[in-house]
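Subject: Structure for you to look at

Hi,

Here is the structure I promised you. Please open it and keep it in view while you read.

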Amino acid sequence: MIVLDIETSGIDTGTAGIWQIGAIDLENPENKFIEEGHIDDGDVIIKSALIVTGKTEKEFRDKAKQSQKELISSYLKWLKTCREKITLGHNIGWDVNLVQNRCIKYGLIEKFREVIGQRTIDLHTIAQEK
């Protein structure tokens, strides 16, 4: 099982950029992925994202960091090292949907389909039930 959390510049899956992806393989906890990239020039940054992250717009758009496409490609490559592809996280459908949307944008959708499991577990829903 993969625990996934992404950090973005906003909440709209069509306009927000992904600047960080963090994941851990629960079957092998030493197998972790945490990388940052810069968001695209056209991505929207909402004020609350700056407040929550403590980052500036300049940091979100820092071209010295890898691009979102490179960040997502690295994440998909890392996923190949994981045996079980069930993904879990807080409001995980949103995270997976945003990664998928970006894969479509960058022409990575076939790679996405190769490594993303169809099953997800939403920890927010489980917490509400408890």
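Below is what turned up, from the whole chain down to single residues.

First, the ground rules. This is a predicted model, where local features need pLDDT of at least 70 and side-chain atom pairs count only at pLDDT 80 or more, while totals for chains, interfaces and linings use all residues. Residues are numbered from 1 along each chain as its sequence is written, and side-chain values use heavy atoms, with hydrogens and water left out.

**The whole chain**

The protein chain has 6 helices and 6 strands. These are DSSP runs, numbered from the N terminus: helices are H or I with at least four residues, strands are E with at least two. From the N terminus, the order is β-β-β-α-α-β-α-β-α-α-β-α.

The radius of gyration is 14 Å, which agrees with the value near 14 Å for a compact globule of 130 residues. That radius is taken over C-alpha atoms, and the globule rule is 2.2 Å times the number of residues to the power 0.38. The C-alpha atoms fill a box of roughly 35 × 35 × 25 Å along the principal axes.

Of the 130 residues, 42% count as buried. Buried means under 20% relative accessible area, exposed means over 50%, and partly exposed lies in between (1.4 Å probe, protein chains only).

**The cores**

A nonpolar core is a set of buried Ala, Val, Leu, Ile, Met, Phe, Trp, Tyr and Cys residues joined through side-chain atoms within 4.5 Å. The largest one has 25 residues, and I21, I72, Y75 and L76 touch the most other members. Two or more residues each come from β1 (2–8), β2 (18–25), α3 (68–79), α4 (92–106) and α5 (109–115). Another core lies apart from it, with 5 residues, including I39, I45, A49 and F60.

Now look at L76. Leaving out residues up to four places away in sequence, L76 touches C103, L108, K111, F112 and V115. Contact here means heavy atoms within 4.5 Å.

**Two asparagines in loops**

N31 sits in the loop between β2 and β3 (32–38). N31 is buried, with a relative accessible area of 14%. With residues up to four places away in sequence not counted, N31 touches I24, D25, W78, T81 and C82.

N91 is in the loop between β5 (87–89) and α4. N91 is partly exposed, at 35% relative accessible area. Most residues other than glycine have a negative phi. N91 is not a glycine, but has a positive phi of about 50°.

Best wishes
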